[in-house]
Amino acid sequence: MVSVTHLLMRPGRRMSIMIGAIALLAVGMSPMASSQDQSTTIAKDAIFARKILMDTINTNMDELETMTTSDKGVNLTEGREHADLISVMLMAFPHLFPASTNQWKPNVERDPGRDTYASPDLFTNYADFYARAAGGMRLMPRALSQV
Ligand code: HEM
């Protein structure tokens, strides 16, 4: 699924916003952030940042898929760049899940551009989630070396 944010932004701009959102999140998570308002903003920023991150992983994955299914063959240099980007993004991804972003509710309509689809199980078994992200991160360069 592709969000509106994804469609509206160029990859470079998306990456800058993502880095900015992650930096803001890191600042916002400092002990100074104590009010309810700040906590809500931090949760919104984290959800926004991880959606952009996932969308960007998806864009890079699409590029790889196009490359591996095309008659022109695989451009290994370009392919490695996409795989490296996905690896780095998967490394940052699990850190964008503070407890306040556990907002799953059954049978509620969500805005795909803003709301989270993350399962509550993710927060109760964070170690498993973290391991899956790390697994994907390690798999990327290895998968490409087999092309
Ligand atoms: C190449 C591999 C992957 C692709 C192409 C991919 C793609 C996507 C896309 C398109 C979304 C929707 C983003 C949006 O709402 O706009 C998403 C969300 C999500 N993905 Fe992935 N994903 C990948 C790997 C993973 C891995 C390894 C994990 C777990 C460790 C993961 C966990 C999630 C979670 C939890 C969400 C929901 C985030 C939220 O709504 O708050 N994904 N993914």
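The structure is a predicted model, in which local features need pLDDT of at least 70 and side-chain atom pairs count only at pLDDT 80 or more, while totals for chains, interfaces and linings use all residues. Residues are numbered from 1 along each chain as its sequence is written. The chain holds six helices and zero strands, where helices (H or I, at least four residues) and strands (E, at least two) are DSSP runs numbered from the N terminus.

**The chain as a whole**

- Read from the N terminus on, the elements follow the order α-α-α-α-α-α.
- The chain has 147 residues, of which 16% count as buried; a residue is buried if 20 or more other C-beta atoms lie within 10 Å of its own, exposed if 12 or fewer, and partly exposed in between, with C-beta atoms placed from the backbone.
- Among contacts between residues at least 6 apart in sequence, 72% join residues at least 24 apart, a contact being a pair of residues whose C-beta atoms, placed from the backbone, lie within 7 Å.

**Helix α3**

- Helix α3 covers residues 36-69, which is 34 residues, and it reaches 49 Å from its first C-alpha to its last, close to the 50 Å expected at 1.5 Å a residue; the expected span of a helix is 1.5 Å times one less than its number of residues.
- The buried residues of α3 include Ile47, Phe48, Ile52, Leu53 and Ile57, and among them are also Asp45, Arg50 and Asp55.
- Lysine 51 is found in helix α3 and is buried, with 23 other C-beta atoms within 10 Å.
- The C-alpha atoms of lysine 51 and threonine 116 are separated by 8.0 Å, although these residues are 65 residues apart along the chain.

**How α3 packs against α4**

- Helix α4 (residues 76-92) packs with α3 at an angle of about 155°, and their axes are 9 Å apart; axes are lines fitted to C-alpha atoms, for helices over the stretch in contact, and angles run from 0 to 180 degrees between N-to-C directions.
- That angle makes α3 roughly antiparallel to α4, since angles under 35 degrees count as roughly parallel, over 145 as roughly antiparallel, 65 to 115 as roughly perpendicular and the rest as oblique.
- On the α3 side, the residues making the contact include Leu53, Ile57, Met61 and Leu64, while those of α4 include His82, Leu85, Ile86 and Met89.
- By class, the contact has 11 nonpolar, four polar and one charged residues, where Ala, Val, Leu, Ile, Met, Phe, Trp, Tyr, Cys and Pro count as nonpolar, Asp, Glu, Lys and Arg as charged, and the others, Gly among them, as polar.

- Aspartate 84 lies in helix α4 and counts as partly exposed, with 14 C-beta neighbours inside 10 Å.
- Asparagine 107 lies in the loop between α4 and α5 and counts as exposed, with 4 C-beta neighbours inside 10 Å.
- Most residues other than glycine have a negative phi, whereas asparagine 107, which is not a glycine, has a positive phi of about 55°.

- Threonine 124 has its place in helix α5 (residues 121-124), and with 10 C-beta neighbours inside 10 Å it counts as exposed.
- Threonine 124 and alanine 99 are 25 residues apart in sequence and 9.7 Å apart in space, C-alpha to C-alpha.
- Phenylalanine 129 lies in helix α6 (residues 126-145) and is partly exposed, with 18 other C-beta atoms within 10 Å.
- Not counting residues up to four places away in sequence, phenylalanine 129 touches Pro94 and Leu122, and its C-alpha atom is separated by 7.4 Å from that of proline 94, which is 35 residues apart along the chain.

Technical notes: Contact = placed C-beta atoms within 7 Å.
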